[in-house]
Amino acid sequence: MQRSGAVLREVGTTNRTQIDDYRAAIGERTRVLLRVHPSNFRITGFTARAELAELVALGRERGIPVYEDLGSGCLVDLREFGVHEPLVRESLAAGANLVSFSGDKLLGGPQAGIVAGDPELVARVRRNPLFRALRQDKVFYQAMESTLRHILLGELDWIPALRMIRMSPGEIRRRADALAEKIGLCARVEAGNP
């Protein structure tokens with residue numbers, strides 16, 4: 001973003017950001033409203049965060065697109081397995097114009113950054129000269145297609161990351177014990193904190 005010449009303007013505070021903070025930060029040069037999901041940390045206590053629906057409504061009111069960076073990119077609901085990450089489809093359904101997320105982490109595919117959303121805005125992203133310099137090869141596209149096909153068909157056990165996230169504690173213990181046995185006397189298995 002910095003390379004594009006954009007000026008990033010933070011709104012609110014680290015632990016409390018309201019929709020009025022976004023509203024007050026909009027100026028005549030504002031071109032996008034950005035919301036970034038805190039993928040690898042949690043702030044607890046006296047906190048507030050503008051809801052995506054509020055941000056989308058503000059963007060529509062002012063004619064400004066809303067872009068949400070989801071970080072890890074969860075396509076499959078994993079809440080029952082202790083993973084409480086927003087789903088890409090929920091952000092798009094809420095009206096975010098652009099959503100970016102990782103192709104590897106929770107998606108379980110090859111390492112990549114993915115941008116989804118309004119076709120016109122995605123096309124503008126693709127016109128950036130870096131897109132051509134960083135474009136993927138056919139092997140990458142085949143791996144991503146295979147991963148997405150397994151997700152679409154509900155074949156989650158074919159994707160190692162999703163298979164492991166969904167394992168029971170007993171299955172994990174059996175795998176760890178087998179690995180410790182292969183390593184030898186210097187390795188032992190101990191339960192960690194949930």
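Helices (H or I, at least four residues) and strands (E, at least two) are DSSP runs, numbered from the N terminus. The model is predicted: local features need pLDDT of at least 70 and side-chain atom pairs count only at pLDDT 80 or more, while totals for chains, interfaces and linings use all residues. Residues are numbered from 1 along each chain as its sequence is written, and side-chain values use heavy atoms, with hydrogens and water left out.

With a relative accessible area of 19%, Asn97 is buried; this term means under 20% relative accessible area, whereas exposed means over 50% and partly exposed lies in between (1.4 Å probe, protein chains only). The side chain of Asn97 reaches the backbone nitrogen of Val66 at 2.7 Å. The side chains of Asn97 and Asp118 are joined by a polar contact of 2.8 Å. A polar contact is a pair of N or O atoms within 3.5 Å; within protein, one must be able to donate a hydrogen and the other to accept it, and residues adjacent in sequence count only if both atoms are side-chain atoms. Leaving aside residues up to four places away in sequence, Asn97 touches Pro65, Val66, Ala116, Gly117, Asp118 and Leu121, where contact means heavy atoms within 4.5 Å.

Strand E1 (residues 33-36) and strand E2 (residues 66-69) run parallel and are joined by four bridges; two strands pair if DSSP finds at least two bridges between them. Leu33 stands opposite Val66 in E2. E2 also pairs with E3 in the parallel sense, over three bridges, and Tyr67 stands opposite Leu98 in E3.

A right-handed β-α-β unit is made by E2, H3 and E3. Right-handed means that, with the strands pointing away from the viewer, the path from the first strand over the helix to the second runs clockwise.

## Ser91 in helix H3

Ser91 is located in helix H3 and is buried, at 4% relative accessibility. Not counting residues up to four places away in sequence, Ser91 touches Leu52, Glu68, Leu70, Ala96 and Val99.

## Cysteines

Zero disulfides are found in a search of the whole structure, a disulfide being a pair of cysteine sulfur atoms within 2.5 Å. Cys74 is buried, with a relative accessible area of 2%, whereas Cys186 is exposed, at 71%.
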